[in-house]
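Have the sequence and the model open as you read.

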Amino acid sequence: MKYKCICDNSDLIECINLGSIPLVNNFKKTYQPKKYPLSMGICKKCMLFQIQKNINPKLMFNNYAHISSGSKSNVSHIKKVFKKISRIKKINNRTKILEIGCNDGTLLEIAQKKTKNVVGVDPAKNLMSKIKKNYLELIPDFFNKKNGEYLKSKYKQFDVIVALNVIPHTINVKEILGQVGKLLSDDGIFFMEGAYFFDTIYKGKFDTIYHEHVSSFTLHSLKNLLNKSKMKIHFAERIPTQGGSIRVIAKKKSSSQQWKKIYRNEKSKNVGKISTYKKAGKLIERIIFKINKNFQKLSASEKVVLLGAPARGVVISHVCNIDQKKIDFAIDDSKTKYNTFFPGKKFKVYNWEKLNKSECKNFFILSWNYKKDLLKKLKKYKKNFNLMVPFPQPKISKLN
Ligand SMILES: [Zn+2]
């Protein structure tokens, strides 16, 4: 079957096939067996690396279980984001800020200490309904042409537009960036972050591949997209969040060359060659094999408890075909996940208190990007245990 790129080119070349997995945020009170095929391909024309089959976004985002304030590390990251924005763009009480994908309003709340002119857009009605209403406006919907034009007619322009982990999640990237270009003031900044191909998939971290992550960006593919929306890259940096992300600041006019270093680095890694993406697929196959071997060892004599039930963990457990009979339960910090079934599996997600009633000595950490936080917490409940991490290298350690 031929898949179409978001640039309309109908020639996507498959590079990675991960079989079928459930929707990674589908945490429900009943068992959810439904799975969907998952593979990625590269567009020869615009070089955007993307999911080959798109699922109706309403299935994924209208009731969203991931919450920004769900972990301390994430809240502190969002605070840093706002500091960074303030350093590049002076924020005063007249500054108009728009956040696309505002989730539970963590950033909006920080921003409104400086300016009341704050607008948030997010389709997750379950989260939007809980945000305090002291903002200019909250739109519980997708950011698209319709809402972009509405915002344009009502507020004209915004000085700061933020999209954290949103642009890689959208099928209609062209439509969204087109609206961002129209809404951004002449000296405004567009601030975005998203998982970075060269830090994630390129290194075999397949757990950022899921249906919600429509594309995996390089600075090259982002530049193509931003330029089409009349924006120029002003600043780019690699940041450690989500297992490796890229932060890009774009403006309508900029002569900054700061971002060229990353751009050149991508060239030296053959960003424009299809073989680069196919090689990543081969590496992923080898890593899946290693994770499986480690898990078999870990679960040989006793059941395992999963630490964290993040989106990436749902990917790991399904792509590696982790045997659900060998899992006791999963633990997660997000209240929206308590007492629900882990997507596509027959075991449940609980809070940390559950460990008080469990004799388990074997832990598989799915939220491996928050390993430090989780390990500290685990040590309050357990002594002498085995801990398996899937990345950066699959490994089991004995800890006490
Ligand atoms: Zn394309």
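Buried means under 20% relative accessible area, exposed over 50%, and partly exposed in between, with a 1.4 Å probe and protein chains only. This is a predicted model, where local features need pLDDT of at least 70, side-chain atom pairs count only at pLDDT 80 or more, and totals for chains, interfaces and linings use all residues. Residues are numbered from 1 along each chain as its sequence is written, and side-chain values use heavy atoms, with hydrogens and water left out.

Q: What makes Lys-156 "exposed"?
A: Lys-156 has a relative accessible area of 59%, and the label asks for over 50%, so Lys-156 counts as exposed. You will find Lys-156 in the loop between helix H5 (145-155) and strand S7 (158-164). Helices here are DSSP runs of H or I with at least four residues, strands are runs of E with at least two, and both are numbered from the N terminus.

Q: Why is Gln-258 called "partly exposed"?
A: The relative accessible area of Gln-258 is 36%. Gln-258 sits in the loop between strand S11 (245-251) and helix H8 (260-268).

Q: Which residues does Gln-258 touch, not counting residues up to four places away in sequence?
A: Gln-258 touches His-234, Phe-235 and Ala-236, where contact means heavy atoms within 4.5 Å. Gln-258 and Phe-235 are 23 residues apart along the chain, and their C-alpha atoms are separated by 5.9 Å.

Q: How do you know that the buried residues of H11 line one face of the helix?
A: Leu-374, Leu-375 and Leu-378 are buried in helix H11 (residues 371-381). Seen down the axis of H11, the buried residues fall within an arc of 100°, so they line one face; the arc is that of the directions from the helix axis to the C-beta atoms. The face turned away from the buried side of H11 carries the exposed residues Lys-372, Lys-376 and Lys-380.

Q: Which strands do the buried residues of H11 pack against?
A: They pack against S12 (304-307), S16 (362-365), S17 (385-389) and S18 (395-399).

Q: What makes a group of residues a "nonpolar core"?
A: The residues must be buried Ala, Val, Leu, Ile, Met, Phe, Trp, Tyr or Cys, joined through side-chain atoms within 4.5 Å. The largest such core has 92 residues, and Leu-98, Leu-151, Phe-190, Phe-206, Ile-209 and Phe-364 have the most contacts inside it. Helix H9 (residues 274-298) gives the largest share of this core, eight residues. Apart from it lies another core, of 23 residues, among them Met-128 and Tyr-135.

Q: Where is the cis peptide bond that involves Pro-392?
A: The cis bond joins Phe-391 and Pro-392, with omega about -5°. Pro-392 lies in the loop between S17 and S18. Most peptide bonds are trans.
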